[in-house]
Amino acid sequence: MARERTHDVLVIGAGNGGLSAAAHLRRRGCRDVGLIEPAERHVYKPLQNYVGTGLARDDELSRPQSTLIPDGVAWHRTAAVSIDPERRVVRCANGAELRGRDLVVAPGALVDWSLLSGAREALATGPAVTTFVDGELARTRDRIAALRAGRALFQLRAQPASGRETALKPLFIACDTWRRAGVLDDIEVILVHEGDRVHPVEAIDAEVRRHLDRYGVEVRPATHVVGLRERTVELAGPHCSSDEVVDLVHLHPPYSPPALIADSGLDAEGTGGFAAVDPETLQHPSHPRVWIVGDAGDLGDARTGGALRHQVKTAVENIRRQRAGLALERYDGYTVAPIATGRDRLSFGEYDRALRVRRSLPVPDEIRSSRAWYLLDRYALPQIYWHRILRGRL
Ligand SMILES: Cc1cc2nc3c(=O)[nH]c(=O)nc-3n(C[C@H](O)[C@H](O)[C@H](O)COP(=O)(O)OP(=O)(O)OC[C@H]3O[C@@H](n4cnc5c(N)ncnc54)[C@H](O)[C@@H]3O)c2cc1C
């Protein structure tokens, strides 16, 4: 017989969203929070781009999960296997059945190389492949540093990529590395991206373009990477459906939702299994006591930690409001796109669902890249993440 335990609020996933939700719940007086998470190590994903380009150390990237679980939260070291959303009962891999009066679903999105033909083989044995995924970072760093001439191709995917626009960081940092080494003129740098323009917000797009032009990057819009073989990258799109032979390719990984979402009937139609969610209230459309935050949800907005900071606060507040019979709070799709445009420069574009530029700091211009934004993103934000965001203090 399965062991069953009920929590006031049960959170699935202790990544950026789940951990901060649990911490906010505790700070706001929720006495009984359960958290389901199998991983023993917590990675601060934004640093992956800096570790993979040699601007941060490996040991800065992660911390033991046990040091991050908020005080008073019951950590269930197992994976959620399925959710009965009516009863809000979660069946776990270790046989336990856990119930929540409210459920916060935050299992993130998974890197899924099976969606790109030849990717697994190319990553294992190919001489030219790099990416910012944890486990590949040392190789990425070494290959970028070693390139002295030839062709380098960088990829930027559309949604559902996690932290989509931040995937421009490796391109710009690599270009600046090559410029400083005096070899940029000998390297043909190509950016392939899937949309019509690199960034959806005009002002941020203009700033990105300025730097792409400065480094002499050839940009190919509406272009997909569809396969890999050794040094050959297969591209498909109106500008180039061809095989390109390269000396370095930087892949933006494909993402899939955790199977748990569709297996539990929580998925949104046509999304391949990402969770249905009201993008303003963070509530599941058919199950009002199931709340979705983070990369696993189909909010239609950029999937970022900056967005999550607002989503988590909205979801936690809405749990309280719904219980008190009050009108729910609404999240406006705020997100942030920190894009390093060199080894010591960064553009910190903030915007919302309507693609309006937002400013959370009292400064005249966050979009024009500067050293101050780089220092914020590279050094201050990791500390803010570990000590404030994951502690529910921000
Ligand atoms: C390379 C990279 C760089 C980025 N840079 C930035 C940036 O500069 N700024 C920014 O704002 N955002 C950035 N992002 C985006 C940001 O990191 C993500 O949006 C954020 O981590 C998503 O948080 P999450 O909680 O939804 O998912 P995650 O942080 O991925 O956490 C999901 C958790 O759920 C757990 N889990 C999965 N399945 C189950 C299950 N069945 N049962 C229980 N637990 C489960 C996982 O083990 C994991 O711990 C970046 C992302 C990447 C990949």
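Mentor: The model is a predicted one, in which local features need pLDDT of at least 70 and side-chain atom pairs pLDDT 80 or more, while totals for chains, interfaces and linings use all residues. Numbering starts from 1 along each chain as its sequence is written, and side-chain values use heavy atoms, with hydrogens and water left out.

The lining consists of Gly 294, Asp 295, Gly 297, Leu 299, Asp 301, Ala 302, Arg 303, Thr 304, Leu 308 and Gln 311. On a 1 Å grid over the protein atoms alone, a cavity is a set of points where a 1.4 Å probe fits but cannot get out; a pocket is an open set with protein on both sides within 12 Å along at least five of seven lines, and lining residues have an atom within 4 Å of a point. Points are joined across faces, edges and corners, and a volume is the space filled by probe spheres set on them.

Ala 302 leads from the cavity lining to the second largest pocket, where Ala 302 lies nearest the centre together with Gln 159, Pro 200, Gly 300 and Tyr 351. That pocket has a volume of about 260 Å³. Its 17 lining residues divide into five nonpolar, five polar and seven charged.

Tyr 351 brings us to strand E21 (residues 346–351), which six bridges join to E20 in an antiparallel run. Strands (E, at least two residues) and helices (H or I, at least four) are DSSP runs numbered from the N terminus, and two strands pair if DSSP finds at least two bridges between them. Within this pairing, Ile 339 has Ser 347 as its bridge partner in E21. The open sheet has the order E20-E21-E22, with antiparallel pairing. Strands E20 (335–340) and E22 (357–358) stand at the edges with a single partner strand each, so one side of each is left without a neighbour in the sheet.

Helix H6 (residues 202–214) lies across E20, E21 and E22, at about 165 degrees to E21. Helix H9 (residues 371–389) touches E20 and E21, its direction making about 85 degrees with that of E21. Contact requires heavy atoms within 4.5 Å; axes are lines fitted to C-alpha atoms, for helices over the stretch in contact, and angles run from 0 to 180 degrees between N-to-C directions.

Rings of Phe, Tyr and Trp (its six-membered ring) pair if their centres lie within 6.5 Å, with planes under 30 degrees apart counted as stacked, over 60 as edge-to-face and the rest as tilted. By this rule there are seven aromatic pairs. The ring centres of Phe 172 and Tyr 215 are 6.0 Å apart and the planes stand at 40 degrees, so this pair is tilted. Phe 172 belongs to helix H5 (residues 169–180) and Tyr 215 to the loop between H6 and strand E13 (218–220), so the pair ties together parts 43 residues apart in sequence.

E13 belongs to an open sheet of five strands with parallel pairing, ordered E10-E17-E11-E12-E13. Its edge strands are E10 (129–131) and E13, each pairing on one side only. H5 lies across E11, E12 and E17 of this sheet, at about 155 degrees to E11.

Notes
Ala, Val, Leu, Ile, Met, Phe, Trp, Tyr, Cys and Pro count as nonpolar, Asp, Glu, Lys and Arg as charged, and the others, Gly among them, as polar.
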